[in-house]
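Subject: Structure handover

Hello,

Here is the structure for your work. My notes on it follow below.

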Amino acid sequence: MNRSVVREFQAPGLTAQPGEVLVPTEVGDPVRGLLHCPAAPLVAGSLRRKGRPVRLAAVPRSQDPQDDDDGAVLFAVKCRQHQGPVTVLAAAASPADRLAVAAARSAVEEWTAALGTRRLLTGAAPWCDGANRALGTAEKAVADAEVRGRGVHILGQFAAPEQAASELAGRGAVFGGSLSDIPSGDIVVFAAHGVPPQVRDEAAARGLEIIDATCPFVALAQAHARRLADRGDHLVLIGQPGHPAAAAIAGHAGGSATVVATPAGTAALRAGDARRISYLLQPGLPVEDSAPVATALRSRFPAVRGPHPDGFCYAATDRADSIRAIASGADLVLILGAPESADVRQLSVLARDCGARAQAIAHTGEITPAMLTGTASLGIAESTSARTGLAAEMTAALAGLGPLSVVRRQVSTTVDGQPAVLAPVGG
C-alpha cells in the first residue's frame, strides 16, 4: 500500500454479500501487520448517504490481486500519522458485484482527496459544574436507594446528558411528575434548578426523604432573595420568565418578585417604594446579557441595589467565550447535537459571528469529504443534545485522515480571594 495512492488489493477468505460494501475497521498488511482504520465511520457514512448497504468488519489479510477470485476486492490507501502509527482508509466488495466494487472505490477516492494535516480545537464543555454536581448527587441517591430498597423521584427539569438520564431511569429513578405522585417514605431529589420553598415544605410534610441537588449558585440566589424580602425590598430577577431556576428563586422572595428578561420589561415595573428595589441575576445565563437590563433599572430607579459580583455564575459566559475562542481559530466548527436543538442553533450563531462556518452534526457518519477539503483548522463544540462520547468518536475518526493536532481552548473565570461556591458531591 503506497501512501496517498488508492490501490486495489485482494482480501483472501473475506466474503462480501451481494449489494453491500464492507468497510474495514482494521486491515492486515503483509509487511506492517494489523493496521487500524479509525476513519471507517466516515467512509461508511458516505456510502449510506448513497443508499448502499454497509457492514463494518475486520479484514485480517490483504495481498496483491491474484488470478483466482478468492475473497473480496479491497481498495485502500495508507495514511501516516505525525510521530504515530500508520492507518488505513479502505472499502471492499464482492468481485462479482461491479456496482458495489465501483461504490467502494469511489468512497475511498473521495476521502483520499480529504486527507491532510489538520488542527482540531476543542474545549467548550456542554454541562456546567452545577449540572454535573447534580448528576453525581442523583447517581449516588439511586445507588443508595438500590441498597435500601427505596424509590427515587427526581423533581424538576433534569440538566444532564440524555444517556445519563436513561441509565438512571433504567435503574428505577422516576423523572418529573409532582409531589402528589410520590409515595410516602420515598426519596425525592431536587434538580439543579431548585424548587420554590412551598415545594420543599410540602415534601417534608409528606414524610419524603429530601436530597437537595440544587446548584450552589441557585441556592445562593435563593438565600439572597429571602434576605431581600425580609428587609422589605421588591426583587427584580433578571432572567427567563418561566424558567425553573427563575421560579425557584422568585418563590423565595415571598411573592414580592418580578422576573425581567429585557430592558423593555423594566418599563412595566410597578413599585410601592422606588427606594426599596433590588435585583439579582439568574444563574445559568451569560452575565454580560444582564448588563442592558441592569442599566435600564438604574435609569428608572436610581436607588436600586444590585448583587455583589462575587456571587455571579460565570458558567454560561465561559462557555460562550470558549466557543468564540474555538471559532476564531477555525475554518469550520462542527456543532455536535441534534440540528433542531435550540442549543445547537445558539452555538452555530456564536461560531458564525466569529467568521467560521458552522455545521450541525448528530453522528460521525454525517461528515462529508466536501466539508473537510481545503480545511486546515477545525473546531468541535458539544451541545447539550450531543450523545455522550460523540466528541471522542469524532476526534478519533478525524485522526484517520492524517496528522491531527488537538488543541484545547477553554475559558474559565475565577474570583480571587473567594471560597469556591461549588463543592464536590459528598464534600
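How many residues lie between β2 and β3 in the hairpin that they form? There are three residues between the two strands. Please keep in mind that this is a predicted model.

Strands first. Val-21 has Val-54 of β4 opposite. Of the nine residues in β2 (residues 21–29), seven are buried, so the strand is largely enclosed by the rest of the structure.

Next, the nonpolar cores. The largest one contains 42 residues, and the residues with the most contacts inside it are Trp-111, Leu-336, Ile-367, Leu-372, Met-394 and Leu-401. Its main contributor is helix α2 (residues 98–112), which supplies seven residues. There is also a second, separate core of 32 residues, with Ala-145, Leu-168, Ala-225 and Cys-313 among them.

Neighbours within four places in sequence aside, Leu-336 contacts Val-344, Ile-361, Ile-380, Ala-381, Glu-382, Ser-383, Ala-386, Leu-390, Ala-391 and Met-394. Leu-390, Ala-391 and Met-394 are also among the buried residues of helix α12 (residues 390–399), together with Thr-395, Ala-397 and Leu-398. Viewed down the axis of α12, the buried residues fall within an arc of 165°, so they line one face of the helix.

On aromatic pairs, the structure has two. One of them is formed by Phe-158 and Phe-175, with 5.3 Å centre to centre and 55° between the planes, which makes it tilted. The partners are 17 residues apart: Phe-158 sits in the loop between β8 (152–155) and α4 (162–170), while Phe-175 belongs to strand β9 (residues 174–175). Phe-158 has a relative accessibility of 16% and counts as buried, whereas Phe-175, at 29%, counts as partly exposed.

Last, Thr-214. This residue lies in the loop between β11 (209–212) and α6 (216–230). Is Thr-214 buried or exposed? Its relative accessibility is 6%, so Thr-214 counts as buried, the cut-off being under 20%. The side chain of Thr-214 makes a polar contact of 2.5 Å with that of Asp-212. Beyond four places in sequence, Thr-214 touches Arg-133, Phe-190, Ala-191, Ala-192, Gly-194, Ala-219 and Gln-222.

Regards

Key:
Residues are numbered from 1 along each chain as its sequence is written. This is a predicted model: local features need pLDDT of at least 70, side-chain atom pairs count only at pLDDT 80 or more; totals for chains, interfaces and linings use all residues. Side-chain values use heavy atoms; hydrogens and water are left out. Rings of Phe, Tyr and Trp (its six-membered ring) pair if their centres lie within 6.5 Å; planes under 30 degrees apart count as stacked, over 60 as edge-to-face and the rest as tilted. Helices (H or I, at least four residues) and strands (E, at least two) are DSSP runs, numbered from the N terminus. Buried means under 20% relative accessible area, exposed over 50%, partly exposed in between (1.4 Å probe, protein chains only). A polar contact is a pair of N or O atoms within 3.5 Å; within protein, one must be able to donate a hydrogen and the other to accept it, and residues adjacent in sequence count only if both atoms are side-chain atoms. Contact means heavy atoms within 4.5 Å. A nonpolar core is a set of buried Ala, Val, Leu, Ile, Met, Phe, Trp, Tyr and Cys residues joined through side-chain atoms within 4.5 Å. The arc is that of the directions from the helix axis to the C-beta atoms. Two strands pair if DSSP finds at least two bridges between them.
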